[in-house]
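Welcome! Take a moment to look at the model below, and then let us walk through a few of its parts together.

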Amino acid sequence: MSWGTELWDQFDNLEKHTQWGIDTLEKCIKFVKERTEIELSYAKQLRNLSKKYQPKKNSKEEEEYKYTSCKAFISTLNEMNDYAGQHEVISENMASQIIVDLARYVQELKQERKSNFHDGRKAQQHIETCWKQLESSKRRFERDCKEADRAQQYFEKMDADINVTKADVEKARQQAQIRHQMAEDSKADYSSILQKFNHEQHEYYHTHIPNIFQKIQEMEERRIVRIGESMKTYAEVDRQVIPIIGKCLDGIVKAAESIDQKNDSQLVIEAYKSGFEPPGDIEFEDYTQPMKRTVSDNSLSNSRGEGKPDLKFGGKSKGKLWPFIKKNKLSLKLGATPEDFSNLPPEQRRKKLQQKVDELNKEIQKEMDQRDAITKMKDVYLKNPQMGDPASLDHKLAEVSQNIEKLRLETQKFEAWLAEVEGRLPARSEQARRQSGLYDSQNPPTVNNCAQDRESSPDGSYTEEQSQESEVKVLATDFDDEFDDEEPLPAIGTCKALYTFEGQNEGTISVAEGETLYVIEEDKGDGWTRIRRNEDEEGYVPTSYVEVCLDKNAKGAKTYI
């Protein structure tokens, strides 16, 4: 089966068919290109969808994603993001393995087709030229034969006419001979051209055209094979990502199976547990007794404002009806949150304080790492002065040390509040008061933080009763006065301030760099040393800010720092 033998006379139709084949190939390229655009668009839409439903950072919505169901949803969003990435891979592979390859092949195919049909037209033009030469030789031979016949007839006529001179007859005879010779020459030329044409025609139809058509057939068959290979590649590109897409779907299933409803229920308890005990029974009030009725501190009139309970410091209120009290919106309207989170129920307050302590510890570690880095750099400068001036890092080192001390003070303050909530410290000590400094100066210290001494609203917030606040203030004042009446401690040594310290918190004292003061209480492990400037000025300073020299003869003196 060969186009050269079967379609030897269908040159024009083959030209149209091969052009149609190239158009079909370009149509396939266009189809794959549009498919890649669809895949990219789909991947982009999936990514945008996943991003749209991702929790925003530092938002309330992000806190809600601690539940296993929400974590599974986040995992699903992440898997969908990976799923979208596989569609991008499909688009990239189709573009590189099909579109680019076929586009290059189409250009080669067009060039090859052009070359083959150029050779075919050239062969056609050659055979047409040979045919024209044959026709011309044939017409000339025919014309010369007719001229020779006419010349012979004229000679015979002149030879039979007695009235014609002998010279005219001789002239007619010579003319006939010339014409006959010309006819013989034309006959020989025609015969030669005819033989040549037949040879060229045989070569054209049995050699040239079959060879050219065979090349065209092979070209067309390669095009058909290439389309098949591209279709296989088209399917394989999709098949290659199926395992990864399957893993994405398996990840979604695994995330769904990781949902733990019991764990989520426990998280709800931890998020909203107030730490209060349920209200006790309401005591019976006997109005039949002939005596003056008094209002009990656990009657409904307490919640309605008809009377106030008799509070005792450190005591326990009986049968609070806080679940039934109308929601107090005052704290919401004010919009201010105390530094010690005292507006929260005990359990929630404990969580907030623990979270704050953890954050401060992270900041301290960060500052310590920075200090270590600066110290190492200073050591390098000391060993290699050409690299830098070691003294230029002293200010930065001192600044970092101050930041560490401030963060430690802040941490100790929140740890003290946390200890109170957890019951480790029943009341604030002088050290806790000193550490809490700024907050204590703005808010009167509360001695008892028990849940029974507070009144909570249904939404979890609660407020101190006015009478209790008054009594606490009085007792706290008495405690401070009692503390102030103590005899002043004797000096156990001296110290020299290495840095300037601004004592802004309660219990601290400001010192200037190079100042010499008396030490009345050494560092007990909390990072503070108690010093005195004169009889009226004493307080605490960070131990790292002073150089202490204890008197060996003094009681409690241990070492030189």
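## A pair of strands

Let us begin with strand β5 (residues 528-532), which is joined to β6 by five bridges, the two running antiparallel. Strands here are DSSP runs of E with at least two residues, helices are runs of H or I with at least four, and both are numbered from the N terminus. Two strands count as paired if DSSP finds at least two bridges between them. Within this pair, R532 stands opposite E538 in β6, and a hairpin of five residues leads from β5 to β6.

How many residues of β6 are buried? Four of its five are, so β6 is mostly covered; buried means a relative accessible area under 20%, exposed means over 50%, and partly exposed lies in between (1.4 Å probe, protein chains only).

## About the model

This is a predicted model, in which local features need pLDDT of at least 70 and side-chain atom pairs count only at pLDDT 80 or more, while totals for chains, interfaces and linings use all residues. Residues are numbered from 1 along each chain as its sequence is written, and side-chain values use heavy atoms, leaving out hydrogens and water.

## The whole sheet

β5 and β6 belong to an open sheet of five strands, with antiparallel pairing and the order β6-β5-β4-β3-β7. β6 (538-542) and β7 (546-550) are at the edges with a single partner strand each, so one side of each has no neighbour in the sheet.

Further in, β3 (residues 493-497) and β4 (residues 516-521) pair in the antiparallel sense over four bridges. Here K496 stands opposite T516 in β4.

Helix α2 (residues 11-52) packs against α4 at an angle of about 165°, with the axes 8 Å apart. Axes are lines fitted to C-alpha atoms, for helices over the stretch in contact, and angles between N-to-C directions run from 0 to 180 degrees. α2 and α4 are therefore roughly antiparallel (over 145 degrees; under 35 is roughly parallel, 65 to 115 roughly perpendicular, and the rest oblique).

E112 lies in helix α4 (residues 68-160) and is partly exposed, with a relative accessible area of 26%. Leaving aside residues up to four places away in sequence, E112 touches M219 and R222, where contact means heavy atoms within 4.5 Å.

## How confident is the prediction?

The chain has a mean pLDDT of 78, with 78% of its residues reaching 70 or more; pLDDT is the predictor's confidence in each residue, from 0 to 100. Over residues 292-335 pLDDT stays under 50. Where pLDDT is low, the predicted coordinates should not be read in detail.
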